[in-house]
Amino acid sequence: MTGPDSPADLSQESVDAMVASAVAAISAVQSSAELKAARSAHAGDKSPLALVYRAIGSLPGPDRKVVGQRLGAARAQVAQALSDRESVVVAAELEAQLAAERIDVTLPVDLAPQGAPHPITALMDLMADVFVAMGWEVAEGPEVEAEWLNFDALNTDPDHPARSTTDTLFVEPLLNHVLLRTQTSPVQARTMLERELPIYIVCPGKVYRADEIDATHVPVFHQIEGLVVDKGISLAHLKGTLDHLAQSMFGDDIETRIRPHYFPFTEPSAEVDLKCFVCHGESVGNPDAPCRTCKSQGWIEWGGSGVVNPRVLIACGIDPTEYSGFAFGMGIERTLMFRNHAADMRDMVEGDVRFSRSLKGIVR
Amino acid sequence: MRAPLTWLAEHVELPEGMSGRELSEVLIRAGLEVETVDEVGSDVSGPIVVGRILAFTEEPQKNGKTIRWVQVDVGAEHNQPHDDYPQGCRSVVCGADNFAVDDLVVVSLPGAKLPGGFEIAARKTYGHISDGMICAEDELGIGSDHSGIIVLPRFADDGSELQPGDDPADYLVLRDDVLDIDVSPDIGYCLSIRGLAREAGQNLGVAFTDVVNLETPQPIAAGHPVILEDPACPLFVALTVTGIDKDRPTPRWMARRLVMAGMRSISLAVDITNYVMLETGQPLHAYDASLLTGPIRVRKAKPGETLVTLDDQTRTLDADDLLITDDTGPIGLAGVMGGESTEIGEHTVDVVIEAANFNSRTISRTLRRHNLPSEASKRFHRGVDPAAAYSAAHLAARLLVELAGGTVSSKETVAGAVPEVPTVSLRADLPSEVLGVHVDAERVVEILRASGCRVVAGSEELAITAPTWRPDLRDPYEFAEEIGRKLGLDKIPSLLPVAPPGRGLTRSQRARRAIARAVVDAGFVEVLTFPFMAGDDLDRLAVPAEDARRRTVRLANPLAETAPLMRTTMLPGLFGAIARNTSRGNDDLALFEMGSVFLAGAGTAAPLVPVDRRPSAEEMQAINAALPDQPRHLGAVLTGQWLRAGWNGPGVRAGWQQAFALAEVAAAAVGADVVRRAASRAPWHPGRCAELLVGGISIGFAGELHPAVIADYGLPNGAAAVEIDLEALTAAAPVSGSIRAVSGHPVAKEDVALIVPDSVSAAEVQAALADGAGELLESISLFDVFTGEQVPSGHRSLAFALRFRALDRTLTDAETAQARETAVAAAANLGAVLRSF
């Protein structure tokens, strides 16, 4: 339109035409690169408006002011058009980029391999925590234990069949009276011998019996036992504690019962039963709907319990006329079978990672 | 103990129509473990009747058998019209030939159901329509005899004449409910119908009649002479019955009861002694009087004595074994099993019945020593009522008279006496205190009297003499238990005791839980293996002779002869778990286990100290000194892929890197830093094993396993392992930590590449750099290891990133350069040279 050789046309019409041409070009811009080129062409040093602006100096004073204002307004219009177009182009480009960057959110991902605690360990911790929450403490002791602590201190007769090599694993030579503990009760004896009264403890741990391995027996298994020795403790406190544990493990609507039994360690002694959670007792006397879980008995045996035999208190140096106590114990494997439907105890000892992983690391 | 309901009902007035299952509910609540209730004959139904044989014809068959075509009168209700017989009859085919015309037999008619779901219907066989079946014992489920059909006597046991059409179920004892009870060791008296009936009566509140007359006369020596030479036999009653008819069979009712109770019917005399034992709980023994030589002596065995027992085994006797002897030597193992030489047999006509009482502990020891569980030893081991002996002997004698036609000699022998039961004192409110429910004194007295105790009530104390059949009632708490049993434990309230404030888990327990959680989160799966080792595991691991892991604890009676040792290392058990997993197609494995290892101590004995007092400090020390060290270890083994190759990239092999990282994760869980030091230790690869140190203390080892061990245990190549002593780790871990102030000033970063001789480890160089850099160093990390061009052989280039920062100011370039220079200078002492490019 204008060149160095021709005199600049600074009329309103000419300037409007320049602005119109610039705005039209800017509106056609589709990308950041085109925008950059348009900015240079219509707002840069060599743009038509910049070039005509140089002619201002040659104008007479009164015209100079008018034309200066005219050109300033024109350049502002072009700048506004650029800015408007930039917003549109940037937004469109971001949208295109995000669309292009979309992923399949269902692809498999890994931070680390899937680890898992053994369900027995997890359940043992969970059961211990029920008691820790009540202020009890967790006591531990050796697995290779003295016969005296495993049996004699717990009022087990020297001729009791459990002390034979058919039931109990002994360390060589037999005359040393060292064995693999058959219960976690020696920890109770140690606690009574070592700790200040009163005593409120649980002892979780591994125990050993000379049993054949089958779906419901393993020779190395886990127990949790509890012991309270305090003034005024009775069988009613045992019942309350067992109810609390059962509810914590199986839910508030679990039914429990205790049933007279015999254990040397306790007097009176009782077995702890849970109402069958499969048939809820409906299978009793109903041959059409037998229950394999409770063998149609309606109840399943969970553990043993009782009031600590005063003879045990005496052997541990506690005055039975002043103190009394209760104790209970149950198998963790059995509890896991009841709670989480583990069908075969052999799975618990074979170390198959699929077994450990099946609960995703927590016992629910 | 298997107890038929009808037998119990002869001793206790059970409520009308009470079923075995209903009674079992009552007994279970009273503490008797009823395992099952067998509803014997519940699968037999429909018309089963007495029939009289009217006639039969024998018909030989092509298959060589001869069948009988039988006309049998089954009573007016069931007979069909027949031309030859005005009263009618049924015609059936029968394969047996042990009957004659006019015999009474058992006929199951069409519509009857027999055991095994066998339904009787009129069916065509051997050219006839057989309209029922004449039954043998096994077909009715009342025995195993199939040699012929049952031929009934003319008269039932009550003397009434059996008629065609009668229901033979009662006579045959077709149906009964049998309670199978696992009797706990403290209530031996419940190994008898008498004891169970007493419990049923007391718990139901109904009348019980004791079959036993508890009076035992003063010693008499009129019968067969008996000499008691050992206090383990306080009482011995001997009755002589002469002239028994050896041909008389055991009556069906008795045989059926024996079988339902789980015993076999052998011969009338033996069956009678067993029957009386089941009924009274008093084991009896019958000697052939003609085979006894001289007086019966009860004494302990002499060295070298032997006895051939009834099971035809020659037993070498122990000086502690209590024996029944005569002038020829031992004739029985007292309370356990009789001897062969005086056994009654098919020629026996005169018998001497023994009803004796033996000390339960003595019998327990003999029973265990000779591994001879018998019906007798099972009872004596738990304790037998001594007051039942005399009466039981007479019950047996009476049955030998009634059923076997014998004559009881009026001359009897009672040697010894029923031991006195001590009278003990019970505070009347003790049961309430023990049970946690108020039981007033009158109720306590009432219950104990119902249990057979003699009670003299004082103002606060009760003087109690337990009955002879309750040796389990001696201590005050035992009486409290009896009150609880009879009251019903469901009457006891549920009260949660309030513990004093606790301190939560111990430091060691928290540490183990934190470590386990961290190791799991890092990707490891916990397994629980049996903590045993094979005899050659340590050799296969190449553990040297002087290594502590050789201090093994050996089991006297291991579960498997192939694994007689307690583990001293976690690794063999984990190797087994790896093998089991890989055999099942689980190839990518990161397994761990936390548990004790067992390191033998001095091998001294743990004394069996008295239990009537607390052991002394010295005694406890001796007990503990006999036990092995049992530190808890963490073991882990890795094989296969740590991360599998996938859509997003190649996989990562599991190996020594993850083993080292695991050690760091475990230590970090208790706030400790691990330093690694090259080490050589079995069973690891000598060039790829690190000793793990926390604060300079060794806590374990990690690395790739030795190729020979990998091959020997069949592990995948490159398998790596870690074993950490958790006791050492938690002991070395910081007890508490302090938090460092965080600087807000800018960081100055410096990279340093050093040429280092191969003999110097990266950790050493890093430690030297850190030491030389001084307190301005915020962190240092190795980011490159390079060998090849520009690096002399026997050297590596190690590149470290150093970050410097001060708490109080922005560092100047000069300060940073100075710190870098002193760091490099410190590394130079190890032979590290700044790399120039």
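In what follows, Ala, Val, Leu, Ile, Met, Phe, Trp, Tyr, Cys and Pro count as nonpolar, Asp, Glu, Lys and Arg as charged, and the others, Gly among them, as polar. This is a predicted model, in which local features need pLDDT of at least 70 and side-chain atom pairs count only at pLDDT 80 or more, while totals for chains, interfaces and linings use all residues. Residues are numbered from 1 along each chain as its sequence is written, chains are lettered from A and ligands numbered from 1 in the order in which they are written, and side-chain values use heavy atoms, with hydrogens and water left out.

**The second largest pocket**

- The volume of the second largest pocket is about 1200 Å³; a pocket here is an open set of points on a 1 Å grid over the protein atoms alone, where a 1.4 Å probe fits and protein lies on both sides within 12 Å along at least five of seven lines, and lining residues have an atom within 4 Å of a point.
- The lining of the second largest pocket has 47 residues, and those closest to its centre are Met124(A), Asp125(A), Glu140(A), Arg512(B) and Arg632(B).
- Two or more lining residues come from each of α5 (119–132), α7 (185–194) and β4 (199–208) of chain A, and from each of α14 (507–521) and β34 (589–596) of chain B; helices (H or I, at least four residues) and strands (E, at least two) are DSSP runs, numbered from the N terminus.
- With 8 residues, α5(A) gives the most to this lining, whose residues divide into 20 nonpolar, 12 polar and 15 charged.

**Chain A**

- Chain A holds 12 helices and 9 strands, and its C-alpha atoms fill a box of roughly 130 × 55 × 45 Å along the principal axes.
- The radius of gyration of chain A is 44 Å, whereas a compact globule of 364 residues would have a value near 21 Å, the radius being taken over C-alpha atoms and the globule rule being 2.2 Å times the number of residues to the power 0.38.
- Of the 364 residues in chain A, 54% are buried, where buried means under 20% relative accessible area, exposed over 50%, and partly exposed in between (1.4 Å probe, protein chains only).

**Chain B**

- Chain B holds 22 helices and 45 strands, and its C-alpha trace spans about 135 × 80 × 60 Å along the principal axes.
- The radius of gyration of chain B is 42 Å, whereas a compact globule of 837 residues would have a value near 28 Å.
- Buried residues account for 52% of the 837 residues of chain B.

**Backbone geometry**

- Most residues other than glycine have a negative phi, and most peptide bonds are trans.
- The peptide bond from Leu197(A) to Pro198(A) is cis, with omega near -5 degrees, and Pro198(A) is placed in the loop between α7 and β4 of chain A.
- The bond from Ala682(B) to Pro683(B) is also cis, with omega near 5 degrees, and Pro683(B) is found in the loop between β38 (675–678) and β39 (684–694) of chain B.
- His177(A), which is not a glycine, has a positive phi of about 55 degrees; this residue lies in the loop between α6 (147–150) and β3 (178–180) of chain A and is partly exposed, with a relative accessible area of 23%.
- Asn371(B) likewise has a positive phi, near 45 degrees; Asn371(B) is in the loop between α8 (360–369) and α9 (375–382) of chain B and counts as exposed at 63% relative accessibility.

Methods:
Points joined across faces, edges and corners; volume = space filled by probe spheres on them.
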